[in-house]
Structure formats: C-alpha cells, structure tokens
Amino acid sequence: MSSSRFFVSLLLLPALAVTLARPAWALATFDEVRRDFRPSDTQVLDRDGQLLERVRTDPTLRRGQWTALADVSPALRTAMVLSEDKRFYEHSGIDWRAVSAAAWGNLWNTRTRGASTITMQLAGLLDDDLRRGGSGRSLGQKLGQTVAAQRLEHTWRKDQILEAYLNVVPFRGEIVGIDALSRTLFGKAPHGLDAREAAVAAALVRAPNAKPAVVGQRACELMRAMEPGSRPDCDAVDMFTSAALQRRGFDASEGIAPHLARRAVAARGDGTQGDVRTTLRAPLQRFALGTLQRHLRELRGRNVEDGALVVLDNASGEVLAWIGSSGKLSRAAEVDGVLAQRQPGSTLKPFLYAEAIAERRLTAASLLDDSSAQISTASGLYIPQNYDRQFKGYVSVRTALASSLNVPAVRTLVMVSPEAFARQLRAAGLPLAQNGDYYGYSLALGSAEVSLLALTNAYRTLANGGRFGETRYLPAPAAAQDGSAPAIDQRAAFIVGDILGDANARARTFGLDSVLGTRFWSAVKTGTSKDMRDNWAIGWSQRYTVGVWVGNASGAPMWDVSGTSGAAPVWAEVMGFLHRGLPSRAPTPPAGVVQRQVRFGDELEAARSEWFIAGTEQAVFAIAPGAAAESAPRIESPADGTIIAIDPDIPPGSQRVRFEADGRGVQWRIDGKPLARGNSARWLPWPGRHLVELIDARGQVVDSSRLEVRGAGVVTGAKAAKNANR
C-alpha cells in the first residue's frame, strides 16, 4: 500500500465507525432505489398501458422517467466515465490514484480535478446526510461519502451504479437525470444522443450552471478524449452548446389527451404515486384527434377553430376517447370542450318526443302541423322557425324528429309542458340550471346549456333502452356493480332510436346521401344553437356512443356551418373507425311494442310499417275533418295575447303594426271601428289594450285577437310644456 493510501485509510477509521453505527442508505438495494425513484411527471396511460400524456406533478424539479443503462447511448456512457471517473471500472469505490493526486495538489496549492468517483457522487446524491451544501461538503461528509461508496461497491454491480447515477445526477437548473436532460435540451430520448450531445451532457455535470462558452469548451475537450486523434470544430460545438442550453423542449404536459390526463391525475386523489391508467384507447384517441383537427382545418374559412369529442362504451359507460379541444388550432386550448356548458340546439328533441310517446300523447305516426306558429307566453310572443325557414305542412312524428323540424317540436312541447320535459332531461343525466318554466317553449330547440359529456351519456341512455348510468374514465374494480337505473320509458327509447336510424325519414332535410348514413346500423341527431355558435352530432351504434361538438371557445358564431358540414363528418369518420370489421345490429324490440302497417290520408306520407307502444296503434292517420276543411278566414298575425312596445326613439307616426290574414273578402276592425279591407293592413299603435277582429264577406266576425301596446303615446299641449320644464 502506498503511503498516501495508508494515510487516507487512517483518516477513514473514525468515519467508518460512525457510518457503521447508524442505518445507512447504502444498505438499500438497487431495486429499492429504483422503486423509490419519483419522476416529476405522471404518465397517464390508456387501458393497455400505452402512453397518452405526461402531466407535471412536481414543480420543484424536472425529472423524467427512470432510464435503464441499456437505453442510454454508448456515446453518453463513454463521455460520462471519461469526464467524471476514468478508472470507474477499475476501482472499488475510491480512486486512490486520484486521491493521491488531489492530496499532493492540495499540499502544493495546485488546482486538480478532485478525487470524487461516480460511486462516491452517487452515495452523496442518495444520502441526505452526505448531500453537498452551498459551501461544499465538510470533512466528515467527505469521509462518510468515501465509506458509503465502498459499501455500495460491495453490494451493487458497476452497471447498476452507473445506471442509478445517470438517473439521479443534477445537470442544469431544475433538470435532474439523463431523461429530463435529453428531452429538455436535445428533444430526444437518451438512447438517441450522439457524441456531441453526450459531451455537452457530461460537461454539465462538472459545472451545471456554467456559462455556455465554458460548457462548450469542456464538451470539445471531451470529444477529443472520446475519439483520440479527432479534431472537432470547437466553434461549432460552442454554438451548438449555446443553442441547446436555451432550449426547453420538455413541455410540462405532452401527449394526445391533456384534458382527460389532468382530470385523471386529480381524480386518483389517493396519495399514491406512479402511472395512472385510464379507460381510453390510445389508437382511437389518436385517430379521433387527427380527424377533428383535419376537419377543422377544412372549415378554417368559416370561422371555426375549436372542437371536442367523446366516445363512450354503451355497456360499461367507460370513456374510450376524450378530446377537449383542437389543440394548436385553438386560441383557448386549455378550455375543455367536453365539459364546457353550451346550448345543444336540436339534440334535445329525441328526449322530448320520447316523453310525448311515453305519455301516449303521440305515436311515431301521429301527424303534426309544420306551419307558422305564434305561441303566447308570459314574456311575449314566441314564433319558432325551421332551420331552412320553410314549412312542410302536416308531417308524422317520425319525419318531424328525423328531419329535425322545429315547429312540430315546439307544438309537442306545448302538449308535454316545459317542466315535464325538464324532468325527463334531468332523469337522463342533463342537470339543467333552471326549471322548465324558466326556459319555456324554447327548451324544445335547446335553449338550456349542457356539456358534451352529459349529452353524449344521455344518448347512451337511449342506446341502453332508457337506462341511465354514470360514465367513468378510471378502471373500475372487477366486482363493481352496474349502477344503471330506468330514466326513459324503454318502449319510447326504442321507437326514438328506430326513428333516428331511419335514413328515409331524415331525407326531407338531409337527403338520401347524407353523411349521417353509415354502412352499419346507427342512430344519430345533429343540432345547431342560436346564431350558429355551436354545432353538434351525437349518435350511437350497438356498442358505442359518439358525441362531437364544433364551434369557438369564445362563443363567436360560425359562418355557414350546418349540421352535416360541421360536427357530422367527424362523427361519421370516428364511427367508421370503431366499426372496421365490427358489425352493428339494430336493437331488439322490447316487450310492449308492436309493429303495424299504417297509411296516411291525402297521401301525406307513403304507407309503411310503424312501431307503437302497445295500445296506441292504429291503421290510418289523417287530418281531422275540421282541420282539413279549414277554409274560414283567420288572423295569422298578430297572435292573440301579443304585446307590442313602442320605441321612444322612433317618431310615433313612423311606427306601424302589420296585420295579416288568410281568406277572401275580409275586412279589419279594431276596438269596434273599421280599419281596412283585404288580407293585410297597417295600424298606428296606441298605448292600451285592443281588440282586433276579422270580418268575412257576410259581415260576420270570424276571428279575433287581443293585443296590448306599451309605451308613450303622443304628448300634446300643456302636458308637453310641463315635461319640457322638468
């Protein structure tokens, strides 16, 4: 033994006694250290273990995943050993030659590299008592570190020591471990580092916070040592180093399911660490995201930048895909469109007709009048319009729902009542913010706000024969009970599903070659909210329910986007992906429904086979004689109960109310005084309550309407002068 080694050994004896007297981390095995390793990110996985997203959960440092030594590039392993411990594979924890050189250097006040080996550094990193402080390690810490390194070498293999060291060594700033360094500075995994990148990485261990020029110089020297005889371009290395140290390529969150991933990490909430497994399917998530983004790029000229999509498993309620936004296409990518509250438009109509059918107020063959309607409400006159601003006359419920006609839906809600409809929506999992009377008859056209997730799950309720069940995105225990409960009449749910799967019934609005048609059985409904702010397509097959929303997170209206050009193409592509090689069959009719052949009077619709709740079936549907022969003149506008407000900013003489009527040879009378002849008239409104009467050619009153005018009348004389002096 050399004199310097003997001298150092004498110094180690007290430290050795202290180290053996206390429980030391060095007694831990390599497997235990690896098990206790905690990345700063949580990996969110799909149902099969595929990575969906990384979510930053430790803001104090940046640490990636544990990287096996076999997954570290050979260049990096070589650079690290040459830089930090040239005789790593020769010594048993202490490099005595380096210790001797350091001792002589200190004796003669000569600057040396130091004698700390990779094993000693690892010991200091894993034991808090040996961790380096701001002013360096004390003599006792150095001696304890030396003893710990020797014990470590006795219990671990060299490859385990180097692997652990590469995973826990701090590099620069908050970066700890080779995985975080590789992804942050070089944008790649550790196995892909080349010689230049490896040299920069190793140079950072010696001086983590040094200036780029210093790191670059050190890296160039390492490259020469790694390839003796080579002449690297140090200027190029310096430029590369400066650029690398400015990169921050390791985003806080990265993947294909950012919104769901954050919810999954937060929902786990049990204090456990490690990966989070979800119910999603990574291939489906990736396809759906790509489809949504591609379609939104095609709609870019129509002021559309956001979208959201969710896919549910009908049987289990598991979420199979969750896309909260269009990502980089959106200026509000953090907003989760799956949970945002928005007006659903016509997508609420299936639940309205289901309620009316369940209450036996209507059947799928019942006739509804699709014509101009003016409905008096407490807040004024409600005049629903169809999407195409046209009316179809008398149509069956099947046609009205499948073709998404608005006026028949409002007439149906008048039968059912807004509050009864609101109760039905709540039972299907749509928690409205207000009661039905608050929304009034506009609820039939989707004036309430709901989330895409809740709406899609409500359609899943229809798919499941009216049974409502909660959704979930975290795996449930194997013994979990089916928590579904009846929410919609099973017979009505079946009939509504049959209507929404009928391509012929939707032809009046969407045509026979609509994008809504699939090669397999499916049922689907579209919807567009007021001013084209939201566009929806929700539908189901035998196994899946898919919901899609497109619009703008800001609430800005889209331009010329319809039900079949907005969300529907995305819905159809995702449905097609789900059913590649997988059939989808129409549901089996439940007990209590019967199928009968029906025909319609005046050939309003072609004869067909129709489904009924048992006891409501009939063979012929025709317009009631009074309605069919209705030729008596009637007032079309204003409707009874109309309230008119005079605008104070417009001269009274310039304001007129237009009266409209059908019939021949009619004349108008207001408050018992003649007004005009013909089917139309214009009247100067006057504050108060008025009676409008329509007189036929025989002089008989055939129709009447009461209206109220609110606002100031003509101000004259002394009263005007008094007002002027105020």
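## Before we start

Since this is a predicted model, local features need pLDDT of at least 70 and side-chain atom pairs count only at pLDDT 80 or more, while totals for chains, interfaces and linings use all residues. Residues are numbered from 1 along each chain as its sequence is written, and side-chain values use heavy atoms, with hydrogens and water left out.

## The disulfide

Let's begin with sulfur. Searching the whole structure turns up one disulfide (a pair of cysteine sulfur atoms within 2.5 Å). Its partners are cysteine 220 and cysteine 234, with an S to S distance of 2.0 Å. This pair links distant parts of the chain, 14 residues apart: cysteine 220 is in helix α10 (residues 212-226) and cysteine 234 is in helix α11 (residues 234-246). Helices here are DSSP runs (H or I, at least four residues), numbered from the N terminus.

Why is the disulfide called left-handed? Because the torsion about the S-S bond of cysteine 220 and cysteine 234 is about -80°.

How accessible are the two ends? Buried means under 20% relative accessible area, exposed means over 50%, and partly exposed is in between (1.4 Å probe, protein chains only). Cysteine 220 has 1% relative accessibility, so it counts as buried, whereas cysteine 234, at 27%, counts as partly exposed.

## Aromatic pairs

Rings of Phe, Tyr and Trp (its six-membered ring) pair if their centres lie within 6.5 Å; planes under 30 degrees apart count as stacked, over 60 as edge-to-face and the rest as tilted. That rule gives 16 aromatic pairs. One of them is phenylalanine 88 with tyrosine 89: the centres are 4.9 Å apart and the planes sit at 75°, so this pair is edge-to-face. Phenylalanine 88 is buried at 0% relative accessibility, but tyrosine 89 is exposed at 54%.

Phenylalanine 186 and phenylalanine 240 make a stacked pair, 6.1 Å centre to centre with 0° between the planes. They link distant parts of the chain, 54 residues apart, with phenylalanine 186 in helix α8 (residues 178-186) and phenylalanine 240 in helix α11. Phenylalanine 186 is buried at 9% relative accessibility, and phenylalanine 240 is buried with a relative accessible area of 18%. Elsewhere, ring pairs link Phe30, Phe37, Trp66 and Trp156 into a cluster.

## Charges over rings

A charge sits over a ring if NZ of Lys or CZ of Arg is within 6 Å of the ring centre and within 35 degrees of the ring normal. Which residue lies over the face of phenylalanine 88? That's lysine 158, at 4.5 Å from the ring centre. Over the face of phenylalanine 240 lies arginine 196, at 4.0 Å from the ring centre.

Technical notes
Helix = DSSP H or I, 4+ residues; strand = E, 2+ residues; numbered from the N terminus.
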